[in-house]
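This report walks a new reader through a few parts of one structure. Please look over the sequence and the structure before reading on.

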Amino acid sequence: MVGVAGAGSRASDAAAVALESGAAEVHLFSRRSYIDYPPPPAPQPAPPPDRGYPNVSELAYELPDSVRWRNFLLGDRRVASVPLDSIERAVAFDNFHVHLNSSLSDVARAAVRRVTGKVGSRSFRFDHLIAATGYRIDLAAQPELARIHEANALWRDRYKPGAGEENAAGAAHPYLGAGFAFLPRADKGGEYLRNVHCFNLAAALSFGVPVGDVPSVVDQPRLVTAIARDFYREGVDTAAHERFINAPPKARRSAP
């Protein structure tokens with residue numbers, strides 16, 4: 001028996017692969033009351049519904065913090081959409097079971113390479129359990145950031161949402177500069193952070209797109225430009241320029 005925790009496209013694809021590979025049973029557990037998927041295409045050619053991002057997504061960083069925060073809340077509260085063909089692959093099997101309004105709890109490793117879990121009072125015993133539960137942003141959990149994460153400004157350090165708009169997951173996102181660079185917390189210093197750029201999903205709240213996925217392609221030039229600008233500025237010898245401009249005209253002409 002295979003269990004799948006989650007109800008997004010990755011969960012559906014994982015369930016379908018398990019079934020197509022010969023799993024005796026696959027049980028998918030969703031905390032939501034329904035699974036969102038687009039309707040079948042119309043018989044006559046028709047434009048598909050717009051489920052993507054507008055062409056000005058590269059300007060999302062310029063929006064006020066309150067707007068960026070609320071856009072994040074809209075996405076966080078929305079049920080993840082699943083492509084219709086992913087659903088159809090799984091439901092084609094009679095041994096595929098969907099459990100809605102079901103939160104899998106008390107997950108534990110059992111004897112003989114098994115995993116157990118419960119939904120309410122019902123117990124399950126899995127040969128394999130696939131966690132398709134999405135992402136969690138936690139800079140402190142990244143070993144490569146162990147020496148700097150405490151100096152990073154997070155959204156909770158820069159923005160205080162109104163009542164009813166609090167979101168712990170959003171508050172843990174880094175509050176990034178225009179070139180995807182980490183910014184220092186006011187009480188920690190850390191100007192060196194401008195040389196550390198965060199081009200991955202942790203930048204989603206600051207930039208309004210799932211950074212690292214296809215919609216963020218429009219932001220790649222912003223990252224490259226920011227890094228190139230920093231190298232260009234650091235390559236300027238300011239002291240040499242000052243010596244040249246302050247030198248007597250005759251000495252300036254004779255300089256090589």
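Predicted model: local features only at pLDDT ≥ 70, side-chain atom pairs only at ≥ 80, totals over all residues.

Strand S5, which covers residues 114–119, runs antiparallel to S6 and is joined to it by five bridges.

These two strands belong to an open sheet of three, in which the order is S4-S5-S6 and the pairing is antiparallel. Strand S4 (105–110) and strand S6 (122–126) each have a single partner strand and stand at the edges, so one side of each is left without a neighbour in the sheet. When direction is ignored, neighbouring strands of this sheet are turned against each other by 20° on average.

## The buried side of helix H3

Helix H3 spans residues 84–91, and within this helix Leu84, Ser86, Ile87 and Ala90 are buried. Because these residues cover an arc of only 160° around the axis, they lie on the same side of H3.

## Aromatic pairs across the chain

Across the whole structure, a search finds eleven aromatic pairs. One of them is formed by Phe29 and Phe124, whose rings are edge-to-face, with 5.1 Å from centre to centre and 80° between the planes. Since Phe29 lies in strand S2 (residues 26–29) and Phe124 in strand S6, the pair ties together parts that are 95 residues apart in sequence. Phe29 is buried, with a relative accessible area of 3%, and Phe124 is also buried, with a relative accessible area of 6%.

Phe180 and Phe207 form an aromatic pair that is stacked, with 3.9 Å from centre to centre and 15° between the planes. Phe180 lies in the loop between helix H5 (168–171) and helix H6 (204–207), while Phe207 lies in helix H6, so this pair ties together parts that are 27 residues apart in sequence. Phe180 is buried, with a relative accessible area of 0%, and Phe207 counts as buried at 1% relative accessibility.

## A cluster and a charge over a ring

Trp69, Phe72, Trp155, Tyr159 and Tyr175 together form one aromatic cluster. Another aromatic residue, Tyr61, has Arg68 lying over its face, at 5.0 Å from the ring centre.

How values were computed. Residues numbered from 1 in each chain as written. Heavy atoms only, no water. Pairing = 2+ DSSP bridges. Helix = DSSP H or I, 4+ residues; strand = E, 2+ residues; numbered from the N terminus. Axes fitted to C-alpha atoms, helices over the stretch in contact; angles between N-to-C directions. Buried < 20%, exposed > 50% of the residue type's maximum accessible area, 1.4 Å probe, protein only. Arc of directions from axis to C-beta. Phe/Tyr/Trp six-rings, centres within 6.5 Å; stacked < 30°, edge-to-face > 60°. Lys NZ or Arg CZ within 6 Å of the ring centre and 35° of its normal.
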